[in-house]
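Dear colleague,

Here is the structure I said I would pass on. My notes on it follow below.

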Amino acid sequence: MAPAAQEYRRYDVYDDYGDYGDYDSRARDAYDSRARDAYDSRAEPPPAPRESLLPYITFVLVVAVLAGIAGYTLNRLVGPAHGARSAHPSAPGATPSPTAVPTPSAVPTPSAVGGGLAGLTAEQVAIRLAGAGLPLHTTVVYSAATDPDRLLGRTNGYTSRIAFSDPRVGVNEVSGSPAGAIERGGAIEVFADAASAQQRATKLLTVTADNPLVTEYVFVQRTVVLRVSLVLTADIAREYEAALLRLAA
């Protein structure tokens, strides 16, 4: 009986060692797995994806387009008439201040009517002014059919009219304006008599409900009404006035 019991005890010990060996293998596997997880957790995270620049570029372009539209609209509203003044509707007969818009010259007596302007058409007056050193260029010679004010050939209306440009008017100031627009340079109107010319000049400088803004300089000599763009400076406008006065002498 003793030998059998001893052999059985040795078998139990072998089983115990065998079980212990299996446990040690499982422990090593678990430790290796935790070590790998810990190493992976210390690895640097992948870089964040770089944001696309397309939304920012699109935003800048949209802002630029909107700014251009706003600038063009503002220029069309106040650019050509940056010196203009408005009158209150309740005072339709109010006249603009002469400090901002030069007042027409006094109409000479009938005995003095003539001078160097006698018998000239509006186009011929423009040629004389250009010969006097002004950089104007005739752009439109109007007929009764094309006259925008419908006064050409009418009673108390002018007998001829032209529009001219002046290179000193900035391109941005008149962008989109027609070729005959006053703001591009001006216009010349010739009347049959001095009284009609003076009446026209006074009307152009009178602020009314139909004419709420004075958008031009207006000069009159003899039978000629000279309209100059308000985009030009007052000094340049006086150059036109002085040249017209010399021609009338």
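A nonpolar patch on the surface is formed by Leu 53, Tyr 56, Ile 57 and Leu 61, which together have about 440 Å² of accessible area. Please keep in mind that this is a predicted model. Leu 61 belongs to helix α2, which covers residues 54–78. Its relative accessible area is 52%, and exposed means over 50%, so Leu 61 counts as exposed.

Next, the interior. Nonpolar side chains in soluble globular proteins tend to be buried together. In this model the largest nonpolar core has 29 residues, and those touching the most other members are Leu 117, Val 125, Leu 129, Ile 188, Leu 226 and Tyr 240. Two or more residues each come from α3 (122–131), β2 (158–165), β3 (185–191), β4 (216–221), β5 (224–229) and α5 (234–248). Helix α5 gives the largest share, seven residues.

Beyond its neighbours within four places in sequence, Tyr 240 is in contact with Leu 134, Leu 136, Phe 164, Asp 166, Arg 168, Leu 226, Val 228 and Leu 232. There is also a second, separate core of 12 residues; among them are Tyr 158, Phe 191, Val 220 and Val 225.

One loop residue is also on my list. Asn 211 sits in the loop between α4 (194–204) and β4. Its relative accessibility is 25%, which lies between the 20% and 50% limits, so Asn 211 is classed as partly exposed. Leaving out residues up to four places away in sequence, Asn 211 touches Lys 203, Leu 204 and Thr 206.

Regards

Terms used
Residues numbered from 1 in each chain as written. Predicted model: local features only at pLDDT ≥ 70, side-chain atom pairs only at ≥ 80, totals over all residues. Heavy atoms only, no water. Patch = residues over 30% accessible without salt bridge, like charges linked within 9 Å, V, L, I, M, F, W, Y side chains within 5 Å. Areas by Shrake-Rupley, 256 points an atom, 1.4 Å probe, with all protein chains shown as cover. Salt bridge = Lys/Arg side-chain N within 4 Å of Asp/Glu carboxyl O. Helix = DSSP H or I, 4+ residues; strand = E, 2+ residues; numbered from the N terminus. Buried < 20%, exposed > 50% of the residue type's maximum accessible area, 1.4 Å probe, protein only. Core = buried A, V, L, I, M, F, W, Y, C linked by side-chain atoms within 4.5 Å. Contact = heavy atoms within 4.5 Å.
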